[in-house]
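I opened the model and kept notes as I went. The entries below follow the order in which I looked things up.

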Amino acid sequence: MPTIEELTEIAERERERWRAFAHRILVCTASGCASAGSGAVLEALQQEVKRQGLEERCAVKGVGCLGLCAAAPLVAVESADLLYQGVQPADAGEIVAALGRRPVARLACPVDIPFFRKQMKIVLENSGVIDPERIEDAIAHGGWQALVTALTEMRPHEVIEQVTRSGLRGRGGGGYPTGLKWTTVAKAGVGEKYVICNADEGDPGAFMDRSVLESDPHRVLEGMAIGAYAVGANKGFIYCRAEYPLAVKRLELAIKQARRLNLLGNNILGTPFSFAVEVRLGAGAFVCGEETALMASIEGRQGRPRPRPPYPAELGLFGKPTLINNVETFANVPAIIREGGEWFARIGTAHSKGTKVFALAGKVVNTGLIEVPMGTTLREIIEEIGGGVPDGGRCKAVQTGGPSGGCIPAGYFDTPVDYESLRELGSMMGSGGMIVMDESSSMVDVARFFMEFCTAESCGKCVPCRAGTQQVHDLLAKLLRGEGSGEDLALTEELCELMREASLCGLGQSAPNPVMSTLRHFRGEYEALLAARGGEA
């Protein structure tokens, strides 16, 4: 059983091993680059290093997401601060031959651009840096050190105090104060408690949690373990959808490696604290992202929401007090313990602290994974970091928050991205999906698409959601066919309000948001459809 001192030795040995190489090549192996063939690129580079007899001078390793998915596959030469884009296996010989010489110009990706310069990485600190399948690499880059600190230098209430001071709010979409949630679970008496990581990321266009799990699963596990220590839990579950096979593979491997080093399991690092983690696979039901439906699924029942209260913090998994946070929330915790809650609270805005990870997708040049301080404006994200619409096109709107969010027109792009500001515009932060749309997009059709998604994903338990989503979808489709009337538009708004007020869970309550936000900001497009038919707005 490794001791704390032996963990320090592991970290130093790993750092020394890596420093011994004059050249260090990193190949992105997260899903975005893997789908573009980075696995073959990694193998070709490894073979080329051997062919040129450079095994002692050059190391090649697979890493997590390097961020700029639009330029996949990505290869970084860490020792020279170089980034290559669109790399193919046939380029391996040229890249290796260029080490220590002039870079391969045709593959070079500029690193001094807003996409990289304007980011601030906390959650993604080690993404694209460590090999996610080697726990030694994570430890060498500070992984698991915060857990050691919590177990050896802090009492549980002191851990919660730092999380509370940080101002961290739940990154799954609701924005509930994390410290308050942890305090509630901690005060739920002694006895059996659970910790759940919600990795059931289902928003169209969202891939933040998936990338974090694929790139740095150790960070999430460490955050869960710290949370368990703080609230008095000894058992945890990560609920991850089965459509994320690479994330699941790396999570399970990370758990196995952490057990081997006694960072998970019984009497962790010789302390009285024990914590075991299991991965539970979801079948892809969007509603299972709702915490009570998620718990029902873990328990082996049909994933359907139940009324709240009682809340999971009091009556959760298997009837026991349960702490539920999403991937990004847990991934922030190690840095907060390491640097202190006040350090984290200095980042962001008055009521939205820290950074936020976004999956930037749609009609934008630099699609990919980004992390920026809260309060960064939509314009900075879309036009500077994202590079704007391709081919000089004009941006029409951005959709934030997935099916629960709304569409924000370009006229509001100077709005800072924080929980309150987005809510005022009829949208929400959500888990972090951000889809950019240009002038070719029909906002009515966008609203219809998201309503179609919610119709398909409704669990059917309550009538307002089950019937309301279908009826609103049909009314929007009728408008798009040129058959709608002013009465249909009025009925659409009435049904949306009904769903908001009467649906059982967040899916139905927020399903009208894309419709209501487009009616608010793009009502002219609805009225144009009525005018084309000869109806009245």
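I began with Leu269, which counts as buried because its relative accessibility is 10%, under the 20% cut-off. This is a predicted model, so I took local features only where pLDDT is at least 70. Leu269 is found in the loop between helix H12 (245-260) and E7. Its phi is near 50 degrees, a positive value in a residue other than glycine.

Next I looked up Leu263, which has Leu269 among its contacts. Leaving aside neighbours within four places in sequence, Leu263 also touches Leu7, Ile135, Ile139, Trp144, Leu147, Ala258 and Ile268.

The largest one has 103 residues. Leu263 is listed with those that have the most contacts inside this core, along with Ile139, Trp144, Val159, Trp182, Val195 and Phe275. Which helix gives the most to this core? I found H11, with 9 residues. A second, separate core has 21 residues, including Val41, Leu45, Leu54 and Val75.

**The four-stranded sheet**

I traced an open sheet of 4 strands in the order E7-E6-E5-E8, with parallel pairing.

I then went through the pairings of E5. E5 (residues 194-199) is joined to E6 (residues 235-241) by 6 bridges, and the two run parallel. Ala199 stands opposite Cys240 in E6. Towards E8, I found 5 bridges from E5, again running parallel. Here Tyr194 stands opposite Thr322.

Is E8 mostly covered or mostly open? I found it mostly covered, with 5 of its 5 residues buried. I checked the two faces separately. Thr322, Ile324 and Asn326 are buried on one side, and Leu323 and Asn325 are buried on the other. In a regular strand, side chains alternate between the two faces of the sheet.

I also looked at what lies across the sheet. Helix H11 (residues 217-231) lies across E5, E6, E7 and E8 and runs at about 150 degrees to E5.

**Ala199**

I went back to Ala199, found in strand E5. Its relative accessible area is 1%, so Ala199 is buried. What does Ala199 touch, not counting residues up to four places away in sequence? I listed Leu213, Ile238, Tyr239, Cys240, Arg241, Tyr244 and Val327. I also took the C-alpha separation between Ala199 and Pro403, which is 17 Å. The two are 204 residues apart along the chain.

I checked how H8 (residues 156-166) packs with H9 (residues 178-186). Their axes come within 7 Å and cross at roughly 155 degrees. H8 is therefore roughly antiparallel to H9, since angles over 145 degrees count that way. H8 makes the contact with Val159, Ile160, Val163 and Thr164. From H9, the contact residues are Thr178, Gly179, Trp182, Thr183 and Ala186. I sorted the contact by class and got 5 nonpolar, 4 polar and no charged residues. Val159 and Trp182 had already come up with the residues that have the most contacts inside the largest core.

I then opened helix H22 (residues 513-521), which is mostly covered. I found 8 of its 9 residues buried. They are Asn513, Pro514, Val515, Met516, Ser517, Thr518, Leu519 and His521.

**Backbone checks**

I finished with backbone torsions. Where are the cis peptide bonds I noted? One joins Ala72 and Pro73, with omega about -5 degrees. Pro73 is in the loop between strand E2 (58-63) and strand E3 (75-77). Another runs from Arg308 to Pro309, with omega near 5 degrees. Pro309 sits in the loop between helix H13 (291-298) and E8.

I also logged Asp81, which has a positive phi of about 55 degrees although it is not a glycine. Asp81 lies in the loop between E3 and strand E4 (82-84). Is Asp81 buried or exposed? At 59% relative accessibility, I put Asp81 down as exposed. Leu269, also with a positive phi, is buried at 10%.

Conventions. Residues are numbered from 1 along each chain as its sequence is written. This is a predicted model: local features need pLDDT of at least 70, side-chain atom pairs count only at pLDDT 80 or more; totals for chains, interfaces and linings use all residues. Side-chain values use heavy atoms; hydrogens and water are left out. Two strands pair if DSSP finds at least two bridges between them. Contact means heavy atoms within 4.5 Å. Axes are lines fitted to C-alpha atoms, for helices over the stretch in contact, and angles run from 0 to 180 degrees between N-to-C directions. A nonpolar core is a set of buried Ala, Val, Leu, Ile, Met, Phe, Trp, Tyr and Cys residues joined through side-chain atoms within 4.5 Å. Buried means under 20% relative accessible area, exposed over 50%, partly exposed in between (1.4 Å probe, protein chains only). Angles under 35 degrees count as roughly parallel, over 145 as roughly antiparallel, 65 to 115 as roughly perpendicular and the rest as oblique. Ala, Val, Leu, Ile, Met, Phe, Trp, Tyr, Cys and Pro count as nonpolar, Asp, Glu, Lys and Arg as charged, and the others, Gly among them, as polar.
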